[in-house]
Amino acid sequence: MLDYTNPNLLVDTATLEAGSTAWRSPSNLAIVKYWGKHGVQLPRNPSISFTLQSAFTETLVEYAPKTSTEEGIELEFLFHREPNEAFRAKVLKYLESLTDIFPFLRQLQLRVQSGNSFPHSAGIASSASSMSALALCLCTIEDTLFDTLGDDEAFERKASYIARLGSGSACRSIYGGLGLWGKTDLHEGSSDLYAVPFQEAHEIFQSYQDDILIVSRGEKAVSSRAGHALMEGNPYAPARYQQANARMQSLLDALRAGDLETFGQIAENEALTLHALMMASNPSYMLMQPNTLEMIYRIRAYRADTKHPVYFSLDAGPNIHLLYPQDIIHEVRPWVDAELAPLCEENAYLPDFVGEGPEEI
Ligand code: DP6
């Protein structure tokens with residue numbers, strides 16, 4: 001069992017120089033979804049996602065030797081350049097949970113600044129980009145101070161593991177292209193503890209379009225964390241986990257073969273299954289909004305009329321992810337502008353596509 005606990009990662013604060021690190025890390029869109037977890041952030045089923053490009057978080061971590069003699073972690077947190085107490089408390093709790101892995105955190109004075117390229121809590125997985133960006137910064141600090149993570153694979157694996165502890169879906173954002181998380185016999189090297197890159201997809205999926213149609217920028221009524229917890233009492237949960245495993249097989253085959261129809265059918269059914277599970281939870285809740293459904297009808301009608309392989313997915317929120325290959329962008333875009341954008345809050349949508357993964361900035 002992989003265990004990153006390491007009491008030796010302590011610095012000599014008398015000689016340590018102040019430093020900083022910054023990462024830009026993207027959000028991701030799961031095709032087979034992670035919904036339901038157990039233990040310490042372990043998934044009930046394997047999942048696979050597109051790593052996005054335009055929806056990202058940038059995080060800067062500045063560190064210096066601590067001057068106070070207090071035990072705890074010293075943290076200042078700014079979100080979009082403003083102090084944010086709610087986020088600071090979350091980040092502090094997360095960092096405290098990591099002190100067996102990064103004991104040096106207790107020796108430092110930390111200043112974290114973070115910002116997103118998209119609205120917070122709008123169902124765009126902000127926890128995926130923010131937690132992966134922070135995890136990458138922490139691993140970079142470890143490597144700078146101790147020279148322990150020079151090997152790219154070791155660095156990414158640890159960053160993915162650390163990101164998972166912050167938010168499950170975040171562990172997949174460490175890789176460009178597609179990220180796969182959760183132990184499955186279908187993919188060698190897969191693990192519940194960290195994600196791995198899925199590099200066998202047909203080239204059409206290396207540049208896939210994923211336009212995010214913002215039905216609502218409002219804060220979600222029920223967090224993903226609470227949603228996962230409700231899966232524990234959901235009578236459909238065991239069937240769901242079986243279905244997710246079976247779908248992984250069909251999806252991986254479709255990804256390898258470039259089979260857009262099978263890919264699209266699975267993507268849509270996964271999105272609707274996720275929301276059906278929410279509706280069937282106790283208490284029941286619903287994150288789709290009237291315009292989410294209106295868009296789904298319009299997307300399906302457009303597909304039937306034009307035969308273009310345009311499909312949708314949803315995250316845990318009301319927004320639509322519109323999925324299509326980049327070679328039909330010039331046909332699809334005018335239709336999005338005319339038929340879907342008017343159903344978005346302030347006509348807003350975020351054109352996005354499968355990206356190259358995080359970048360140190
Ligand atoms: C619907 O990763 O946000 O986006 O681990 O509690 O932080 P926590 O949950 P989170 O769940 C996201 C679930 C999803 C599907 C997915 O990304 O696989």
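# A guided tour of the predicted model

Begin by selecting T51, which is found in strand β4, where a strand is a DSSP run of E with at least two residues, a helix is a run of H or I with at least four residues, and both are numbered from the N terminus. This is a predicted model, in which local features need pLDDT of at least 70, side-chain atom pairs count only at pLDDT 80 or more, and totals for chains, interfaces and linings use all residues. Residues are numbered from 1 along each chain as its sequence is written, and side-chain values use heavy atoms, with hydrogens and water left out.

At 0% relative accessibility, T51 counts as buried, a word that here means under 20% relative accessible area, while exposed means over 50% and partly exposed lies in between (1.4 Å probe, protein chains only). Show the side chain of T51 together with the backbone of Y175, and you will find a polar atom of that side chain 2.6 Å from the backbone oxygen of Y175. This pair is a polar contact, that is, two N or O atoms within 3.5 Å; within protein, one must be able to donate a hydrogen and the other to accept it, and residues adjacent in sequence count only if both atoms are side-chain atoms.

Stay in strand β4 and select A64, which also lies there. A64 is buried, with a relative accessible area of 17%. To get a sense of scale, select H275 as well: it is 211 residues from A64 along the chain, and the two C-alpha atoms are separated by 45 Å.

Next, colour strand β8 (residues 178-181), from which L178 and L180 point one way and G179 and W181 the other way, with all of them buried. On one hand, β8 pairs with strand β4 (residues 47-65) in the antiparallel sense over 4 bridges, two strands being paired if DSSP finds at least two bridges between them. On the other hand, β8 pairs with strand β9 (residues 195-198), again antiparallel and over 4 bridges. Which residues are the bridge partners of L178? In these pairings, L178 is the partner of F50, and in β9 the partner of L178 is F198.

Now move to strand β10 (residues 209-213), where 5 of 5 residues are buried. Both of its faces are covered, with Q209, D211 and L213 on one side and D210 and I212 on the other. Strand β12 (residues 320-324) pairs with β10 in the antiparallel sense over 5 bridges, and within this pairing D210 stands opposite L323 while L213 stands opposite I320. Strand β13 (residues 349-350) is joined to β10 by 2 bridges and runs antiparallel to it, with Y349 standing opposite L213.

Select the 4 strands of this open sheet together, in the order β11-β12-β10-β13, and note that the pairing is antiparallel. β11 (311-314) and β13 stand at the edges, each with a single partner strand, so one side of each is left without a neighbour in the sheet.

The next stop is the ligand. Of the 17 residues around the ligand, Y34, S167, G168, S169 and R172 come nearest, and a residue counts as near if one of its heavy atoms lies within 4 Å. Taken alone the ligand exposes 460 Å², of which the protein buries 96%, the areas coming from the Shrake-Rupley method with a 1.4 Å probe.

Which helix gives the largest share of the shell around the ligand? Helix α4 (residues 224-230) does, with 3 residues. The shell also draws at least three residues from each of domain 1 (19-200) and domain 2 (204-350), bounds that come from an automatic or database domain assignment. By type, the shell divides into 5 nonpolar, 7 polar and 5 charged residues, where Ala, Val, Leu, Ile, Met, Phe, Trp, Tyr, Cys and Pro count as nonpolar, Asp, Glu, Lys and Arg as charged, and the others, Gly among them, as polar.

Finish at S97, whose place is in helix α1 (residues 85-97). A polar atom of the S97 side chain lies 2.6 Å from the backbone oxygen of Y94.
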